[in-house]
Structures are given as C-alpha cells and as structure tokens.
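I open this page to keep a record of what I looked up in the structure, entry by entry.

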Amino acid sequence: MSIYLDNSATTRVCAEAAEAMVRCMREGYYNPSALYAPALEAQKQMRLCRDAVLKAAHAPMGSRVVFLSGGTEADNLAILGHAAKVRAGRALYSAGEHPAVKEACQSCGLQAEEIPYDHEGLVDLEALKSLLSSDVALICCMQVNNETGAIQPLKEIARLRDETAPFAHFHVDGVQGFLRVPFDMAACKADTYALSGHKIHAPKGIGALVMTPRAQLNPRQVGGGQENALRSGTENTPGIAGLLSAIRRYPTENGMRQLKLLLWRLIQEAVPEASVNGPAPDGEKAAPHILNVSLPPVRAETMLHALEGEGVYVGMGSACSSFKQRISPVLKAMHTPQRQAESALRFSLCPDNTEEEMRIAAQAIARQHAMLSKYQRR
Amino acid sequence: MRKLLMVRYGEIYLKGLNRPYFLRALVARVKEAAKPFGGKVWLHDARVFISDAEDMDGCMQRVAKVFGVHSIAPAVEMEKDDFEGICEQANQLMQGLCGTFKVEARRADKHYFLDSPQINAKVGEYVLMRNEDRLKVDVRRPEHILSIEIRDQAYLYCSVYPAAGGMPVGTGGKAALLLSGGIDSPVAGYMIAKRGVQLVAVHYHSFPYTSEFAKQKVLDLAKILSEYCCGIRVYVVPFTEIQMQIHEKCPEDYTTLIMRRYMMRIAERIAQKEEALALITGESVGQVASQTIEALGVTNQVVSMPVFRPLIGFDKIDIMEYARKIGTYETSILPYEDCCTVFTPRHPATKPKMALIEKGESRLDQEALIRSAVENAEIVEL
C-alpha cells in the first residue's frame, strides 16, 4: 500500500465527487442553456455550487463565480482579463507566485514587477510599500505558497493597497489555500480569488474564479456567452457537480496540522540536520497541510525516488516545475542556501492521511537518509 | 493497372557472389516493415515491390526506415504493350504539377518496340500537348522527372523519396550498444546499425539516483531506434550498488573512469551472452573528462572485443543535427538525471594514472559485482 503525501500536486477524487459526476454524466447530462425542464435542474446544480464556493470563500455581497478549467485559467482570466480592461499601469506579483500568475503578469502588457520574499517565504511588506504607487493597476499574491505552505499577509497587503493605490485590482491565487486555510475574501479585500478542484478531491479540469462586484475583467475566451460572457463554452457540469460534492464533503475540522507536526517531529528525531523551509510549522503563518523540509546532504530528487521505492510519494517544489529547474524559484527568493535548497522535499497532506502513515513515512525517511547520506556527490 | 511501391536498394548492387544473401535479408526486413500494413512484398528484376498495402503513405514511411533501402517511388504498374494507356497514365501522373519536366525512360526489355529516346519523345509530347498551360519541357534541369521503366511490365512514377540507405540489419552481425539517455549514444547505435549490424542495448539504471522516468526515456529512445533496427533487446542493468561501492572505496577523481570501466566490462559480458561481437559507444574525443584520449585508453583496456565509436571525430553540434534527423533528439533532451552524472567528481581525472585506478579497483569484488549486475538485468524487448 502506498502513502500519498503529494496532495498539493493533486488529490485523489473523493467517492462523493466521483458518484456525483457519474450521476451528472448519466442522468443530469443536459446542457444548462437548453430550454426544457431537466436543463433547469442542471442550472440549479451549478447555482448550488456557486453558492458553496461563495460561502467557503466568504465572498462579499454581490460577488460572482466563473467556472473554468482550473487554477491556471482562473489566474489567467483575472490577470490578463484585468490588464485588457485597464491597458496601462504596473503589475506587482510576489516572488513565489506560481508560473500561472508570474507568466500571466509578465505577458499581460502591464509593467510587471516582483515583490520580494523574506527568509520565511512571506511577502516583504516594507518592499511592497516602496514598490506601491498610484500607477499600480494590479497586485497578485497567493493565499498559501505552494512549496512552503507560508500563509501570506493578505490583509496587510490590502491595507497598503488602500493607502497608496486604492484603484489597484488585488488578485489572490487560492489554489493551495481554498478550504485548507480559512479565507475571508471580504476581510482581505481581494477583487478576485482563484481556486482549483483537483487540490480538494474534486476532479481535474474544474476550477473557479470568484469576483467581487468591483472586479473589472475582459473575457479571454469568447463564443456562446456562458458565465456572463466571461468564459464561453458549454459548462463542465460533471466537474461542477464533483466540485460541489468535494466542497460539501471537505472536513474543515481535520487533523492535518497535528499530523504534519507529528511528521516533522519524527523527521527531526531521525535526521537532526533536517530543517524547515518556510515559517515555523507550528506557527500561525504555516498552512496545516504543507511541510517543506531539507534533508541534507541527500539531493531532493534522489530522496524522492528512494521514498518512491518504499511506496511513499512526495513532491519537490511545485509539480509543474519539477522537471524544469533544479533549484526552486521560491526557495531562491527566500535566499535559501544552495545545499539546503537542493535537498528540499515537500510533504503535503490531505484530511484522509493517518497517524500511521506519518510514522511509516518518517521511518522510510530515516532509513533512506541514513543510507543515502553516505553516498552523495562530494 | 495497379498502384505499388517500388523500392530500390543501394550498396547491395556492389556485392558480387554474396548479393543473393544480402537481398534475402533486405526482402525479409522490408516484409517485416510492410506487414502491419498488409502489404505484399516481392523481389523482381532488381527491385523490391510492395502492393496491396492498406495505407500506402504510412507503409512507405515505415519502409523508408529500413536499412538497405536507397529510395522508394510510389508507382503505377501497367501492361507495357498498351502504349496509349501508358501515355494517358503519364498524363494523369502529371496532373496537379506545374513548371518544367522531362520524361526519363529506361528499357530493361531491349525487345520493346520503342527505344528509350523514342519513349521519352512520344510520352513527353503527349503530356505537353495536354498541359501546355502549366508544363514546359526542360531536359537539363527539370523540376519534375516522369520516369518510365519498361520491364516485364511498365512502371511509371514521378516522385522518388530517399530512404535510410545502408545495409540490411542482420547482415553485419550483432553488437552491444551502451545506451544512456543522452544525445550521443542513440546516434552511435543508429550509425552502426545502418551498416547492417543488429543491436542489443545495455542501459545502466541507478535507482533511486535515477528515476523510472529516466528509464522510460531510454526505452523510448530504444523504441525509436528499433524502428530502424527491426527490434532491439534492451538490458536494463541495476547499477546502484556498483556506483555506491566505487563512490565509497575509490579515489574521488577516478570514480567516473572506474565506473566507465565497469560499464564496459558488463556490456562485454552481456555481448558475449548475446553472441554479439563488438561494443558500441557514443564517445567523442574530448567531449567530457572521461572521453580524453587517455581516459578512452583506460576504459578500452578492460575489454577484448572491438569497441566501435562512430562519433569519435564529431563535434557536439553535428551529433545534435544527426539526432534531429533520426528523430531521437527531442527525447534525448528530456531533463532526467542519468547514471553518469549522479556522482560526478569535482575534478575528474583527465590524465589518469593506471596505478591509482588499479589500486581503487582492487578494493572492489569485481567478479561478484559484475555477475550480480548481469544476472539481475531486466530484459525489455522492443
């Protein structure tokens, strides 16, 4: 039996979501734009999901939800869609943003600039303050960093925005945070919030962008005018049904933080040289489900495969970028020493993980580290 | 009248008394290649013909990869006595073409009622009269050549596609290719296979230092080669234990060279088992520290078989070009760690001293390590 600790890459679809999708595909398969009664039922299901998303994100009154294919498309719609609307100004994004945000900012036509991270992987608010000016049109910051689990100071960012650039659009990438870390969109004064289904046990291919009434976006995809003309194309109703079930089923009270801390304690006991990348795991700035640990001198890729050999699946950095470069840009932005960055692994949990799994994983780490640390490139 | 593929062979023409042997091998290879398309294959009159293939284009692309095939022409076969019909068919073939052309007749049947210049003139005139708005005759540098071969039947074609060339696989014996995931070794294997040599590939796998992805990449490369080579058997040799022992017990600067020596020894052992008579590597002088002349000497020493290094004088850029041509480049550049770079020393020895190597190796139980690696190799047929 394998132990899956790479839930920030993707999750296993939960039974409830899978069943809801099958039902939707076999029975409720009608096009929500059609005019007969069963189509109305399909529309109702979509509305239920919209409401569930709005509620979970604590979106302010009058907010809307656009369903689309996932986190990347949601980020793209927010950034490129806003840039197309305003056409000029500066776009600021935090140093550890996912490429879906970073690349979108760099190609959106606005003047893109990076907000540095501090050594814990949190946005450097002083640096942000000096970057802010009235010509800033867009600020992007993720809710939770996908590699380190650092919970970003969104409220402070919004406060600084209000002081200096009150008209700037604030986009929050919530792909790694939605449901796992409490989020109050109204309190954070975010204008758009991106989320993805497959990180919370819904299927791949469904995501959403929450928009407050203040958000001004141009569509990136045109056609039949679905989703208030912001995302044309027949709605992915099975995906939406899966997302709804996954949101309803997600246990907000779960033991992930305790399990993560247990795993960290066991790793520390076995590997004294281990260190955490990101905020202290037991602190309030650390997400409950992500633990980024360096296990020098063993290189991350080697350790990952060694654990794979023991049936424990973990990640190194972001799954999308594992093959691209050796040192993660997030750890680089945090000025993590090279040796530490090269040996950084990401353990990411879900509510289904168990204490026993943590113990088995920690034993495998201890065993492999003891063996492999003798055989490393000098 | 029927459509077929006319396959021409190249170097086999130069063979004397052995020619039938090479031709039998060539026909066998073409038959294997055409089989998935349901084509009938036969040798007649110094040409290999393929008829009745379900997908002529697909079949042609596949057969173009058979070593020994010089070129392929999609042709029309007809009764040679119906000269009117030949003229009309020639006219049909030229439809859709414009520019200059000439007719090039070849007459294997010397009793035919027209000689080659007469055929050229008559067919040329027929085609020209009907397409004067699009076509002109230019016998020196024509854009299109309409070929007519008069044999037992008449064969007409106006496109000839170059094929892989070389000699049919199997006519040149068998050799073991040291196949890494890099750009060079697949090219080296291709070049030797092109000379008619059947390949067996040996790959060194260092899990967990190298991943399943790295292994799959090598199998993908072997699969690409196998299309040219009529199948390849790949030995995936577990190499972690040997690398660890070398790392632990041998001088750091020499670990790469000692590792290379082990690779050669194991490859030779597998070659013997497979009744292969030579080894093939993708080495090129000076490319990396283990490929200096001194280092090559040191790795060569541990085997008695001939070692073919077809890329020895190639620049990297030329090898890359070759890899693109044979279709391995895109797979080769996928960025997975390969076993050669796992324990790269900080300062690899470029002018190695034999005494130090032997001293290092004396600390290893060579026979046991090699035997275990060979015995535990996973065999994949592609």
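This is a predicted model: local features need pLDDT of at least 70, side-chain atom pairs count only at pLDDT 80 or more; totals for chains, interfaces and linings use all residues.

**Entry 1**

For my numbering, residues run from 1 along each chain as its sequence is written, while chains are lettered from A and ligands numbered from 1 in the order in which they are written.

Domain 1 of chain A gives 23 residues to the contact with domain 2 of chain A, which gives 25 residues. On the domain 1 side, β10 (290-294) and α11 (329-333) of chain A each supply at least two residues, and the largest share, 3 residues, comes from β10(A). Helices (H or I, at least four residues) and strands (E, at least two) are DSSP runs, numbered from the N terminus. By class, I recorded 10 nonpolar, 11 polar and 2 charged residues on that side of domain 1 of chain A, with Ala, Val, Leu, Ile, Met, Phe, Trp, Tyr, Cys and Pro counted as nonpolar, Asp, Glu, Lys and Arg as charged, and the others, Gly among them, as polar.

**Entry 2: A:Leu154 and its helix**

I next turned to A:Leu154, which lies in helix α6 (residues 154-164) of chain A. Is A:Leu154 buried or exposed? A residue is buried if 20 or more other C-beta atoms lie within 10 Å of its own, exposed if 12 or fewer, and partly exposed in between; A:Leu154 counts as buried because it has 23 C-beta neighbours inside 10 Å. Leaving out residues up to four places away in sequence, A:Leu154 touches A:Cys141, A:Gln143, A:Val172, A:Cys188 and A:Ala190.

In α6(A), I listed A:Leu154, A:Ile157, A:Ala158, A:Leu160 and A:Arg161 as buried. They cover an arc of only 160 degrees around the axis, so they sit on the same side of α6(A); the arc is that of the directions from the helix axis to the C-beta atoms. The face turned away from that buried side carries the exposed residues A:Asp162 and A:Glu163. Among the elements that cover the buried residues of α6(A) are α5 (125-131), β5 (136-142), β6 (169-173) and α7 (185-188) of chain A.

**Entry 3: chain A as a whole**

I noted 13 helices and 12 strands in chain A. I also found that 54% of the 378 residues of chain A count as buried, and that the C-alpha trace of chain A spans about 65 × 55 × 35 Å along its principal axes.

**Entry 4: chain B**

For the meeting of the chains, I recorded 13 residues of chain B in contact with 10 residues of chain A. Within chain B, domain 1 (2-162) and domain 2 (174-381) have C-alpha centres 43 Å apart, and 4 residues of domain 1 of chain B are in contact with 6 residues of domain 2 of chain B.

Conventions: Two residues are in contact if their C-beta atoms, placed from the backbone, lie within 7 Å. Domain bounds come from an automatic or database domain assignment.
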